[in-house]
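Subject: Structure for you to look at

Hello,

Here is the structure I promised to pass on, with the sequence alongside. Please open it first, and then read my notes below.

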Amino acid sequence: MSVFGERLKKVRELRGVGVYALAEQTEIDPATIYNWENGHVEWPYAYSMLQVANALDVSTDYLLGRTETRAND
């Protein structure tokens with residue numbers, strides 16, 4: 001599993017957001033989110049990553065593993 005997939009799943013679960021709820025919020029197919037989280041697809045397009053980061057209120061740097069800070073400061 002990629003860092004992105006691991007962190008996406010971790011933050012989504014910490015926020016109490018289901019895959020389908022996140023999919024609805026971001027207009028990303030639930031199967032795509034599932035594939036990211038399970039390492040079937042390594043990296044999303046930049047726009048999709050930004051949508052996910054905004055929906056979960058984390059930085060894209062955190063999702064990419066560039067920082068340990070989740071805050072979007």
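Let me start with Arg 7: leaving aside neighbours within four places in sequence, Arg 7 is in contact (heavy atoms within 4.5 Å) with Tyr 62, Leu 63, Gly 65, Thr 67 and Glu 68. Arg 7 has its place in helix α1; helices here are DSSP runs of H or I with at least four residues, strands are runs of E with at least two, and both are numbered from the N terminus. With a relative accessibility of 12%, Arg 7 counts as buried. For that word I use under 20% relative accessible area, with exposed over 50% and partly exposed in between (1.4 Å probe, protein chains only).

A word on conventions before going on. This is a predicted model, in which local features need pLDDT of at least 70 and side-chain atom pairs count only at pLDDT 80 or more, while totals for chains, interfaces and linings use all residues. Residues are numbered from 1 along each chain as its sequence is written, and side-chain values use heavy atoms, with hydrogens and water left out.

Aromatic rings

Rings of Phe, Tyr and Trp (its six-membered ring) pair if their centres lie within 6.5 Å; planes under 30 degrees apart are stacked, over 60 edge-to-face and the rest tilted. By this rule there is one aromatic pair. Phe 4 and Trp 36 have ring centres 5.6 Å apart and planes at 80°, so they form an edge-to-face pair. Phe 4 belongs to α1 (residues 3-14) and Trp 36 to α3 (residues 30-37), so the pair ties together parts 32 residues apart in sequence.

Two packed helices are described by the angle between their axes and the distance between the axes. The axes are lines fitted to C-alpha atoms, for helices over the stretch in contact, and the angles run from 0 to 180 degrees between N-to-C directions. I call angles under 35 degrees roughly parallel, over 145 roughly antiparallel, 65 to 115 roughly perpendicular and the rest oblique.

How do α2 and α3 pack? Their angle is about 120°, with the axes 8 Å apart, and the two helices are therefore oblique to each other. They cross in a right-handed way; a crossing is right-handed if the near helix is turned clockwise from the far one by less than a right angle, and left-handed if anticlockwise. From α2, Val 19, Tyr 20, Leu 22, Ala 23 and Thr 26 take part, and from α3, Pro 30, Ile 33 and Glu 37. By class, this contact has six nonpolar residues, one polar and one charged. Here Ala, Val, Leu, Ile, Met, Phe, Trp, Tyr, Cys and Pro count as nonpolar, Asp, Glu, Lys and Arg as charged, and the others, Gly among them, as polar.

Helix α2 (residues 19-26) also packs on α4 (residues 46-56), at about 115° and with axes 10 Å apart. That makes α2 roughly perpendicular to α4, and this crossing is right-handed. Leu 22, Gln 25 and Thr 26 of α2 meet Gln 51, Val 52, Ala 55 and Leu 56 of α4. The contact of α2 with α4 divides into four nonpolar residues, three polar and no charged ones.

Inside α4

The buried residues of α4 are Ser 48, Met 49, Gln 51, Val 52, Ala 53 and Leu 56, and they pack against α1, α2, α3 and α5 (60-64). Gln 51 has a relative accessible area of 18%. Leaving aside neighbours within four places in sequence, Gln 51 is in contact with Thr 26 and Ile 28. The C-alpha atoms of Gln 51 and Thr 26 are separated by 5.7 Å, although the two are 25 residues apart along the chain.

Two backbone angles

Most residues other than glycine have a negative phi. Glu 27 has a positive value near 60°, and lies in the loop between α2 and α3, where Glu 27 is exposed at 74% relative accessible area. Asp 57 is in the loop between α4 and α5, and is partly exposed at 49% relative accessibility.
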